Amino acid sequence: MFGCECWCWNGVVDHLDVCLSDPKPFSLPSTLPNWPPGKGFSTGTISLGEIEVSRITKFKKVWRCSQGAIFYRPQAIPHGFFCLGHYCQPGDHPLRGYVLVARDASEVARVDNSVSESPALKRPVNYSLIWSSGLHGVDSGFIWLPNAPEGYRAMGFLVTDKPDEPAPDDIRCVRADLTERCETSDLIVSIESKSQPFHVWETRPYERGMYQNGVSVGTFFCCTSLKKHLEISCLKNLSVSLEGMPNLNQVQALIEHYGPTVFFHPDEAYFPSSVPWFFKNGAVLYKNGNTKGEPIDSRGSNLPCGGENDGEYWIDLPSNENARETLKSGNIETARLYVHVKPALGGTFTDIVMWVFCPFNGPAALKVKFLNIKLKKIGEHVSDWEHFTLRICNFSGELWKVYFSEHSGGKWVDASDLEFIHGNKPIVYSSKHGHASFPHPGSYIQGSVAGIGVKNDVARSKFFIDSSIEYEIIAAEYLGDGVVSEPAWLQYMREWGPTVVYNSRSEIEKLIDILPPIVQFSLEDLLALFPTELYGEEGPTGPKEKNNWFGDERC
């Protein structure tokens, strides 16, 4: 797989320009296609049961605080829908956000013009002023919390540039049984004034995963103390049909439009392969108590299925040295991305999780102060499952962000900070030997303490996989039984490699001997600072045993 040109579309704004102007809206490099027909995906509105919601991305600036955060109110709200709260973001980022607006679906369906005693949406009783800038002029800002009627919850705050209390008709509160608990996530701005402290966070549902119903409204939370008591909630999707989710044809169209190109390091020695190639070329299954392994069918049909990881079985490389080395090297020509499609944030987003399988994970490299040290054995293990996740907005079909899995954790990266290749297809960089994923080339240090950490090198090369072509959908539970046939090997819940215990002390003692006098560490100091995964490795488990199969990504 050779010859691939890329370019960077990252929405970077000159810092001087940020000081002089407001953020410009971000858009993907290419226009979106017309998605295949379906039910509710990419129609602009989604039914949550008793309420319908629409996503607003057009805003009117209300106030910019001196620390750079900008507060907006939604614009161009469709007829019959109501505001649930205002939006806030840092001023040095591209304008990239949304808030949901809602309407009472039962009122739309009611033909006798009667009024329910407990409608889904109600006006607030009044407002409480949570914080003000203390100024009464051009740069004034006032933040208001709607006081919801009994049995209702506020979804967000309102911001004004005048001290007058907003009108009750400016916003709607939502009946409590249609809401879920929310929590704060990223801090947007913090003002540590003794007289007027002020903190603003993004919000998200407290419980997240493919079977959770919480829907992010896109509003912010603010308070005057770091001891947070959230007076607002998120929405709950009570529609069992998840009508906003894409059908199978739409999923395939999304992958073919957004599927990233995965670049491997120019000096990579342990490439990915397909799972059938790994099995056909000598991988063996061991059972506890048996010294001889059993060959594995190319489909994995003779693997024990279901149950739990009880340590009774594991997969290993063949005993023949030449066959072992062949498997370790992988086979990129057969490699593909194994795709799990699932609902996110109550079915208002779709997560397309792309799994990469590598038959072998190579030794780690360390950065110790200014030294780069290649380890001989520490970090090695048989089989390596890594992944990244595309989060798609179900209101529009737009790529919203990408999750990059980095060994034991990872991070979400907004679409405005991605590199793209061939239209709207992002680039994913796979780290040398360890196969963790990153959004940009360079060296990343994991677990860095006192100048010591695991070094992850990523770069573009002639070795790559185009996931928009080389993919296989292995699971999409929400589509129903029989729509996607899960491979037999996916039901194998045990370890894909033997448990390895490294002689860390021996290798670290050799490492200390080569360190120059200017870098003084005792053996115990170094052992204490290294990430714990370098001391030993239980055989890695397959995708279905990972927390993110059912839950949200770990950040």
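This text walks through a predicted protein model, from the whole chain to single residues.

Some ground rules come before the tour. Residues are numbered from 1 along each chain as its sequence is written, and side-chain values use heavy atoms, leaving out hydrogens and water. Because the model is predicted, local features need pLDDT of at least 70 and side-chain atom pairs count only at pLDDT 80 or more, while totals for chains, interfaces and linings use all residues.

Start with the whole protein. Its secondary structure comes to seven helices and 40 strands. Here helices (H or I, at least four residues) and strands (E, at least two) are DSSP runs, numbered from the N terminus. The protein has 555 residues, and 54% of them are buried. Buried means under 20% relative accessible area, exposed means over 50%, and partly exposed lies in between (1.4 Å probe, protein chains only). The accessible surface comes to about 24,400 Å². Carbon and sulfur atoms hold 49% of that surface. Such areas come from the Shrake-Rupley method with a 1.4 Å probe; for residues, only the protein chains shown count as cover. Now take the contacts (heavy atoms within 4.5 Å). Of those with a separation of 6 or more, 68% join residues 24 or more positions apart.

Next, look inside. A nonpolar core is a set of buried Ala, Val, Leu, Ile, Met, Phe, Trp, Tyr and Cys residues joined through side-chain atoms within 4.5 Å. The largest one has 37 residues, and Ile352 and Leu399 touch the most other members. Helix 3, strand 21 (261–264), strand 25, strand 26, strand 29, strand 30 and strand 38 each give two or more residues to this core. Helix 3 gives the most, with five residues. Apart from this core lies another, of 27 residues, including Trp277, Phe279, Ala475 and Trp549.

Asn247 caps the N-terminal end of helix 3. A side-chain oxygen of Asn247 lies 3.2 Å from the backbone nitrogen of Asn249.

Two residues show the packing in detail. Leaving aside residues up to four places away in sequence, Ile352 touches Leu254 and Ile255, as well as others including Val339 and Phe388. Val339 is found in strand 25. Val339 is buried, with a relative accessible area of 0%. Beyond four places in sequence, the contacts of Val339 include Ile255, Ile352, Tyr471 and Ala475. The C-alpha atoms of Val339 and Ser467 are separated by 9.6 Å, although these residues are 128 apart along the chain.

Now turn to the sheets. Strands of a sheet pair through backbone hydrogen bonds, either parallel or antiparallel. Two strands count as paired if DSSP finds at least two bridges between them. Strand 11 (residues 142–147) pairs with strand 13 over three bridges. Phe142 stands opposite Thr160 in strand 13.

A second open sheet of three strands has the order 9-14-12, and its pairing is antiparallel too. Strand 9 (121–122) and strand 12 (152–153) each have a single partner strand, so one side of each is left without a neighbour in the sheet. Two bridges join strand 9 to strand 14 (residues 173–175). There, Lys122 has Cys173 as its bridge partner.

What about strand 36 (residues 452–458)? Seven of its seven residues are buried, so strand 36 is largely enclosed by the rest of the structure. Strand 27 (residues 365–368) runs antiparallel to strand 36, joined by three bridges.

Finish at helix 5 (residues 321–329). Asn320 caps its N-terminal end, with a side-chain oxygen 3.1 Å from the backbone nitrogen of Asn322. Just after helix 5, Gly330 takes a positive phi of about 75°.

Key
Polar contact = N/O pair within 3.5 Å; in protein donor to acceptor, adjacent residues only side chain to side chain.
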